[in-house]
Amino acid sequence: MKNNASLFYNVCLIVGDFLALVTAFVAAYILRVKLDPRPLLDHIHALTYLGIFLTVLPFWILIFALLGLYNSNIYEKRFVEFGRLLVGSFIGLMFLVFWNFASKTPIFPARLVPIYGFSIAFIILVIVRNSLRWLRVTLFKYNVGLIRVVVVGNTAITNEIINTLRDPKTGYKIVAIIGTKHESTDVPSFKTFQAFLDEPSKGLEEFHGIIQTELFTNEAKNAEILTYAQEHHVGYRFVPGNTELFVGNIEVELFRSSVPVIVVRQTALFGWGRIFKRLFDVLIGGILLVIASPAMLVIIGIEKLSGGTAFFRQKRLTRFDRTFEVFKFRTIYPAYNGLTPEEAFTKMGRPELIELYRNGGDQIIHDPRFTPLGRFLRKSSLDELPQLINVVRGDISLVGPRPLIPQELASYKKRHAILSVKSGVTGLAQVSGRRDISFEERRKLDIYYVQNWSLWLDIVILAKTFRSVLGGRGASH
């Protein structure tokens, strides 16, 4: 019972991409050949140009397919889709340039044509795909194209899935629930899967998938559900009871060459990923350290003239619970050096600020611990510059969870997940766009980063960090 709506949407994406690319390169031809008076490298007739481009275009679409742009795991995530579109557009352009170089018949009448084409194509592709996504979600509201599923189980995750899929924007509709321990709902429910199948009005209509949230002690029941799904070509998904076990990087491999096993890693950052990330840190961190050196020397001089030490050093945690000494420019009064926020606020007789500080995402407006120069350094994020030394040394990474002191993480239950990668100068929590999030919410963002790491994600976080700093949106105090 395959849902043809997803197949139709894939076809729409392919057609949309095809038309977007044709439109872009036709526009590029018109801009350079018809509207630009400068001489051309080759006089290529419009129909000849279009014919050659249409011949090459299927290979470009194939590149998109290989990058997963017609896979729901990609196109349902805007951030990931955006990155792959950019990569796919660039690879497609390089393919065209290579074809133009190798072919006896040139494709482009001028060098600017492929550049115009690439720029316009990427913009149109993003617009077309977002328009198709909007149309798809709109149709979901009218029950068009929904994937109809049966949910089986009595676990806590069952209610979570039911509540999530109630929103038509998800693209799913629950037609029946097999179980007795779930919250009240207008969806028909049955005690057993067989009772559901025996329902005369099982015009509860056809359904496209089964989501099972628990394994029954009676293996016959489990076999009944899986066998039905296989025999009737219905999609089958199983949600493990311990969902935290499967939130990292997952692989299926043959153990001792014969037994299939599931390998679960806490983070996607392992193997070659760790090597590439370290090389990236050394290269980019080293360059940034050289660029920042003049500013750092000036700040050191001002700190010395003010009669205090230039650097603030403190023990912090990084990967595998290892402690290291973080370097930052001193921003607080000497009396509070080395103290936790709780200790400092208590010492100054302002314990009421502790809760305000933690609930404000580890920051507070006009924090009384900071010196006037320290406020400027914090607001401009210049106090973080010495951490580039930690990056080059290998203590931390450019991007990662915030390096916290041991006391801050001591009582956090999921510290093992956060500390499975190196801490970072900046991170997902810092660029999330929200300043008033709590300690718990920030740690959840840290865990998300750990479990979903990619080099592209690092680049995006760094880009957002530079934008925030240059835009004057540094830490506010």
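Leaving aside its neighbours within four places in sequence, which residues is Trp60 in contact with? Trp60 meets Leu21, Phe25, Phe53, Gly88, Ser89, Gly92, Leu93 and Leu96, where contact means heavy atoms within 4.5 Å.

A word on the model before we go on. This is a predicted model, in which local features need pLDDT of at least 70 and side-chain atom pairs count only at pLDDT 80 or more, while totals for chains, interfaces and linings use all residues. Residues are numbered from 1 along each chain as its sequence is written, and side-chain values use heavy atoms, with hydrogens and water left out.

**Around Trp60**

Trp60 is buried, with a relative accessible area of 2%; buried means under 20% relative accessible area, exposed over 50% and partly exposed in between, with a 1.4 Å probe and protein chains only. Phe25 counts as buried too, at 0% relative accessibility.

Both residues belong to the largest nonpolar core, which has 35 residues and in which Leu21, Phe25, Phe53 and Trp60 have the most contacts. A nonpolar core is a set of buried Ala, Val, Leu, Ile, Met, Phe, Trp, Tyr and Cys residues joined through side-chain atoms within 4.5 Å. Helices H1, H2, H3 (72–75), H4 (78–102) and H5 each supply at least two residues of this core, and H1 gives the most, with 10 residues. Helices here are DSSP runs (H or I, at least four residues), as are strands (E, at least two), numbered from the N terminus. Apart from this core lies another, of 27 residues, among them Ile299, Leu377, Ile396 and Val431. In soluble globular proteins, nonpolar side chains tend to be buried together.

**Aromatic rings**

The whole structure holds 14 aromatic pairs. Rings of Phe, Tyr and Trp (its six-membered ring) pair if their centres lie within 6.5 Å; planes under 30 degrees apart count as stacked, over 60 as edge-to-face and the rest as tilted. Two of the pairs are set out here.

| Pair | Centre distance | Plane angle | Class |
|---|---|---|---|
| Phe25 and Trp60 | 5.6 Å | 70° | edge-to-face |
| Phe207 and Tyr228 | 5.9 Å | 15° | stacked |

Phe25 in helix H1 (residues 4–34) and Trp60 in helix H2 (residues 46–66) are 35 residues apart, and their pair links distant parts of the chain. Phe207 lies in the loop between helix H7 (193–198) and strand S4 (209–212) and Tyr228 in helix H8 (residues 219–231), so this pair ties together parts that are 21 residues apart in sequence.

Arg136 lies over the face of Tyr9, at 4.4 Å from the ring centre, and Lys221 over that of Phe216, at 5.6 Å.

**Loops**

Thr155, in the loop between strand S1 (147–152) and helix H6 (156–165), is partly exposed at 22% relative accessibility. Beyond residues up to four places away in sequence, Thr155 touches Thr213 and Glu214. The C-alpha atoms of Thr155 and Glu214 are separated by 6.7 Å, although the two residues are 59 residues apart along the chain.

Asn143 has a positive phi of about 65° although it is not a glycine; Asn143 lies in the loop between helix H5 (112–140) and S1. Phe320, also not a glycine, has a positive phi near 60°. Phe320 is found in the loop between strand S8 (311–318) and strand S9 (322–329), and is exposed, with a relative accessible area of 55%.

Technical notes:
Lys NZ or Arg CZ within 6 Å of the ring centre and 35° of its normal.
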